[in-house]
Amino acid sequence: MNAVDRLTVFKTYKLYVGGKFPRSESGRVYEVTDAKGKWLANAPLSSRKDARDAVVAARKAFGGWSGATAYNRGQVLYRVAEMLEGRRDQFVREVADAEGLSKAKAAAVVDAAVDRWVWYAGWTDKIAQVVGGGNPVAGPYFNLSSPEPTGVVAVLAPQESSFLGLVSVLAPVIATGNTAIVVASERSPLPALSLAEVLATSDVPGGVVNVLSGRTAEIAPTLAAHQDVNAIDLTGATDAVQAKELEIAAADNLKRVLRPQPVDYNETPGIDRLTAFLETKTVWHPTGSLGASGSAY
């Protein structure tokens, strides 16, 4: 058979929930186009039920992921970078289509995203040393503080920076032991859906990252109000009104909220996103003749 006789094999994009690739339970899809309006693919149109399923999967995975050693989490994140490097050409094409970039500029974006994974992989076993430590107290006690992950984090990925921005908001969440539900860029979800395939074939346990595509206005309110979501990153809120409404909904169970803020994803990040979804545990331990028992709160 000649090459000209072959039918084009179109890729079927799916959600990523609990380590599996379901279609939306609603059966809906929506058209994804490139920067010039050319059709690229049909992406799943997630429902509120899909969002709830993702929360269940993230909660189930939290114990194992947060209980892993920081060194092990670093190894897993580095493995993701390795896998991305191996599929570099695919992501260059998808980023070029999604963001209307030349091949050279798209390649620079993908390389920066791979480097960003490596950067956060290096922080997994260091962040506790930076933000934890011993505290001076007035009394015969050791007082030690150490960071712990917040829990299940909903992440609204940036709308414009569909890959480097996505990696920049997702990697620090899981690097610190949280699990995540990611709402991909509404206009350009394909890089996020392809990233899910990389996560599934690397060492990231199922449920640690769950990826949804569709309408942010439909999915985000369910996540913001969900009682088993502990924090939400509003970076990808479509406007200030939506961000405010989601923040109000999140207040019902005292979620941590990271408000939208101007970011240049090309700059080396600080540790702000690493610490945004950490809680501080303080342990008191008596010294001297007070005995060996201690208390923590």
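This is a predicted model: local features need pLDDT of at least 70, side-chain atom pairs count only at pLDDT 80 or more; totals for chains, interfaces and linings use all residues.
Residues are numbered from 1 along each chain as its sequence is written, and side-chain values use heavy atoms, with hydrogens and water left out.

The side chain of R88 meets that of D111 in a salt bridge with an N to O distance of 2.7 Å, the term being applied to a side-chain nitrogen of Lys or Arg within 4 Å of a carboxyl oxygen of Asp or Glu. Because R88 lies in helix α3 and D111 in helix α4, the pair ties together parts that are 23 residues apart in sequence; helices here are DSSP runs of H or I with at least four residues, strands are runs of E with at least two, and both are numbered from the N terminus. D111 is likewise partly exposed, its relative accessible area being 28%.

In total, the structure holds 14 salt bridges. Side chains of opposite charge can pair when their charged atoms come close. Among these salt bridges is that between E197 and K11, with 3.1 Å from N to O, which links distant parts of the chain, 186 residues apart, since E197 belongs to helix α7 (residues 190-201) and K11 to the segment before β1 (29-33). K11 counts as partly exposed at 33% relative accessibility. E197 also forms a salt bridge with R87, for which the closest N and O atoms are 2.8 Å apart; as R87 is located in the loop between α2 (70-86) and α3 (88-99), and E197 in helix α7, this pair ties together parts separated by 110 residues in sequence. R87, at 22% relative accessibility, also counts as partly exposed.

The largest nonpolar core comprises 64 residues, of which L84, W117 and I174 touch the most other members; such a core is a set of buried Ala, Val, Leu, Ile, Met, Phe, Trp, Tyr and Cys residues joined through side-chain atoms within 4.5 Å. Helix α4 (residues 103-123) supplies the largest share of this core, namely ten residues. Another core, of 24 residues, lies apart from it and includes L15, I219, L223 and A243.

Note on methods:
Buried means under 20% relative accessible area, exposed over 50%, partly exposed in between (1.4 Å probe, protein chains only).
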